[in-house]
Amino acid sequence: VQDIEGNDVSSLSAKAVNNKSTVSGTAPTYVSTKTTDDGRIVVEYSELLGDTQIPASAFDVSVNSFWRDTPDTYESVSVNSVDVSGNTVELTLEQPIENDQKVRFSYTDPSGNDVYAVQDIEGNDVSSLSAMAVNNKSTVSGTAPTYVADSARTTNSGRKILIDYSE
C-alpha cells in the first residue's frame, strides 16, 4: 500500500478490527424435506435457525393418495403447530402423513423480514418455497385396499380364483 507520492506504508501486524457493518449475512438455504415415522414433516436448512414464532398459516401441506386420487389431485392438510430446532422446522399436522401418500409443501414468508418468518439467528429470512416434494418415510398405515365389487372370477382353466382390489 502506498500514498499518492509512491511512499510505502509501514507493515502492520495482526490488528483487531471493530466491525460496524450493517450489511446482513446470507440467508439459510433449503436442503431437504422428509416425514418422520409418525407422519410429521421436517424441513432442513443449511444453517441454524432463530427462535421465531412462525404461524402455521405460513405453510401449505398437501397429499395425494395415489391409489385413490387422480395423479394431479392433492388435498390440503392443516398444519397444527410449527417447531424450530437447530437447523430444522418441524410441522405437526392435523392428520399424520400416511405411508402410501405423495406429499408436497409450500412456505410463504408471512410478512417480510420480521420475527414471524423462518430465519437464521442473525435475522436473515429464508426464501419462500412452492410445491416442494417431501421424502415420505412415514410408517403410519395408509388406507387398506378394498375389494372391487363383482370382480371375483376363475381363470379359463378353472384352477385359480382371481379377485381385484383397489390397489
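Predicted model: local features only at pLDDT ≥ 70, side-chain atom pairs only at ≥ 80, totals over all residues.
Residues are numbered from 1 along each chain as its sequence is written, and side-chain values use heavy atoms, with hydrogens and water left out.

Strands (DSSP runs of E of at least two residues, numbered from the N terminus) are taken to pair if DSSP finds at least two bridges between them. An open sheet of 4 strands is found in the order β1-β2-β6-β5, with antiparallel pairing. The edge positions are taken by β1 and β5 (79-85), each of which has a single partner strand, so that one side of each is left without a neighbour in the sheet. From one strand to the next the twist averages 15°, where axes are lines fitted to C-alpha atoms and angles run from 0 to 180 degrees between N-to-C directions. In general, strands of a sheet pair through backbone hydrogen bonds, either parallel or antiparallel.

Within this sheet, strand β1 (residues 30-35) is paired with β2 in the antiparallel sense over 5 bridges, and lysine 34 has valine 42 of β2 as its bridge partner. The two strands β1 and β2 form a hairpin with 5 residues between them, and glycine 39 in the turn has a positive phi of about 90°. Strand β2 is joined to strand β6 (residues 88-93) by 4 bridges, the two running antiparallel, and isoleucine 41 stands opposite leucine 91 in β6. Leucine 91 is also the bridge partner of valine 82, and β5 and β6, which run antiparallel, are joined by 6 bridges.

Arginine 40 meets aspartate 38 in a salt bridge at 3.0 Å, N to O, and forms another with glutamate 90, for which the closest N and O atoms are 2.6 Å apart. The latter pair links distant parts of the chain, with arginine 40 in the loop between β1 and β2 and glutamate 90 in strand β6, 50 residues apart. Arginine 40 is partly exposed because its relative accessibility is 23%; aspartate 38, with a relative accessible area of 40%, is likewise partly exposed, as is glutamate 90 at 22%.

A further salt bridge is formed by the side chains of aspartate 164 and arginine 153 (3.2 Å, N to O). Aspartate 164 lies in the segment after β10 and arginine 153 in strand β9, so the pair ties together parts that are 11 residues apart in sequence. Aspartate 164 is partly exposed at 32% relative accessibility, and arginine 153 is partly exposed with a relative accessible area of 39%. Salt bridges that share partners join Asp38, Arg40 and Glu90 into one network.

Asparagine 64, placed in strand β3 (residues 59-65), is buried because its relative accessible area is 0%. A polar atom of the asparagine 64 side chain lies 2.5 Å from the backbone oxygen of threonine 73.

Positive phi values also occur in residues other than glycine. Alanine 131, found in strand β8 (residues 129-134), has a phi near 50° and is partly exposed at 44% relative accessibility. Aspartate 150, in the loop between β8 and β9 (153-154), has a phi near 60° and is exposed, with a relative accessible area of 77%.

Methods: Buried < 20%, exposed > 50% of the residue type's maximum accessible area, 1.4 Å probe, protein only. Polar contact = N/O pair within 3.5 Å; in protein donor to acceptor, adjacent residues only side chain to side chain. Salt bridge = Lys/Arg side-chain N within 4 Å of Asp/Glu carboxyl O.
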